[in-house]
Amino acid sequence: WSLFVYSPSMDRTIELQVLRPADTSEPRPVLYLLNGAGGGQDRANWREQTDVVEFFSDKNVNVVTPIGGAFSYYTDWLEDDPVLGRNKWETFLTKEIPPLVDDVLGTSGRNAIAGMSMSATSALALAEKAPELYEGVASYSGCAETASPAGARYAEIVVSLGGGEVENMWGPIRGTHWVEQDVVRNAEKLRGKAVFVSAGSGMPGEVELRAWEQSGVAV
């Protein structure tokens, strides 16, 4: 399914791509699945880079993925950005759409959230910001820190890739608001939830080594 939902906070209509449960005879939970830095409008998305459709085909869960939010960190920005526009994704995801999704899809009221790359950070942050909404959270290949020098630099690079100004997001880099958004510093807020965090080491693995061998490149 594709649902189109108007966001009052951002004053625009957002597409939600939906995978329905294998069995809809009774209410099912919702997994909010966030795309990578391009907001689902480039190849860094679940449908093009994973077997997500096939994987969930026999699962009894609604999978809801918003399209949009490129380079936004799916957070509420302090200021509108000349390039990236108005971003109030925390408001949209935690307040505006859950009641509508529950009503239209006839859900059980139980929710989890997951993200990859940029949104791997966002999923953890949203679970901290709306602890009553999500029972579980998963983070794949993200950088949870945003207030540390390395974490702040990573966020700055991601936002700049989209042409945005990172200080429009959270104010002066590594300032008070950045600390408030830092997932690691606020990890206590995840207590009691099911949490899965995964990130590669950056070292070549079996797939990379096999590809190099096939290409004839010396390893």
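**Exercises on pockets and rings**

The second largest pocket has a volume of about 180 Å³, counted as the space filled by probe spheres set on the grid points. The model is predicted, so local features need pLDDT of at least 70 and side-chain atom pairs pLDDT 80 or more, while totals for chains, interfaces and linings use all residues. Residues are numbered from 1 along each chain, and side-chain values use heavy atoms, without hydrogens or water.

**Exercise 1.** Find which elements give two or more residues to the lining of the second largest pocket.

Solution.
- Step 1. A pocket is an open set of points on a 1 Å grid with protein on both sides within 12 Å along at least five of seven lines, and a lining residue has an atom within 4 Å of a point.
- Step 2. The lining includes Leu31, Leu33, Trp46, Val52, Phe55, Phe56, Ala138 and Tyr140.
- Step 3. The elements asked for are β3, α2 (52–56) and β6. Helix α2 has the largest share, 3 residues.
- Step 4. By class, the lining divides into 9 nonpolar residues, 1 polar and 1 charged.

**Exercise 2.** Describe the lining of the largest pocket, which has about 210 Å³ of space.

Solution.
- Step 1. Of its 14 lining residues, Pro29, Val30, Asn111, Ala112 and Gly136 are the closest to the centre.
- Step 2. Strands β3 (30–34), β5 (111–116) and β6 each supply at least two residues. The most, 4 residues, come from β5.
- Step 3. The lining has 10 nonpolar, 2 polar and 2 charged residues.

**Exercise 3.** Classify the ring pair of Trp46 and Tyr140, then say whether each residue is buried or partly exposed.

Solution.
- Step 1. The structure holds 8 aromatic pairs (centres within 6.5 Å; planes under 30 degrees apart are stacked, over 60 edge-to-face, the rest tilted).
- Step 2. The centres of Trp46 and Tyr140 are 5.7 Å apart and the planes stand at 85°, so this pair is edge-to-face.
- Step 3. Trp46 is in helix α1 (residues 46–49) and Tyr140 in strand β6 (residues 136–140), 94 residues apart.
- Step 4. Trp46, at 12% relative accessibility, is buried (under 20%; exposed is over 50%, partly exposed in between, with a 1.4 Å probe). Tyr140, at 32%, is partly exposed.
- Step 5. Trp46 and Tyr140 form one aromatic cluster with Phe196.

**Exercise 4.** Classify the ring pair of Tyr74 and Trp89.

Solution.
- Step 1. The centres are 5.3 Å apart with planes at 85°, so the pair is edge-to-face.
- Step 2. Tyr74 lies in the loop between β4 (62–67) and α3 (89–105), and Trp89 in helix α3, so the pair ties together parts 15 residues apart in sequence.
- Step 3. Both Tyr74 and Trp89 are buried.

Notes
Phe/Tyr/Trp six-rings, centres within 6.5 Å; stacked < 30°, edge-to-face > 60°. 1 Å grid on protein atoms, 1.4 Å probe; cavity = no way out; pocket = protein on both sides within 12 Å on 5 of 7 lines; lining within 4 Å. Nonpolar A, V, L, I, M, F, W, Y, C, P; charged D, E, K, R; others polar.
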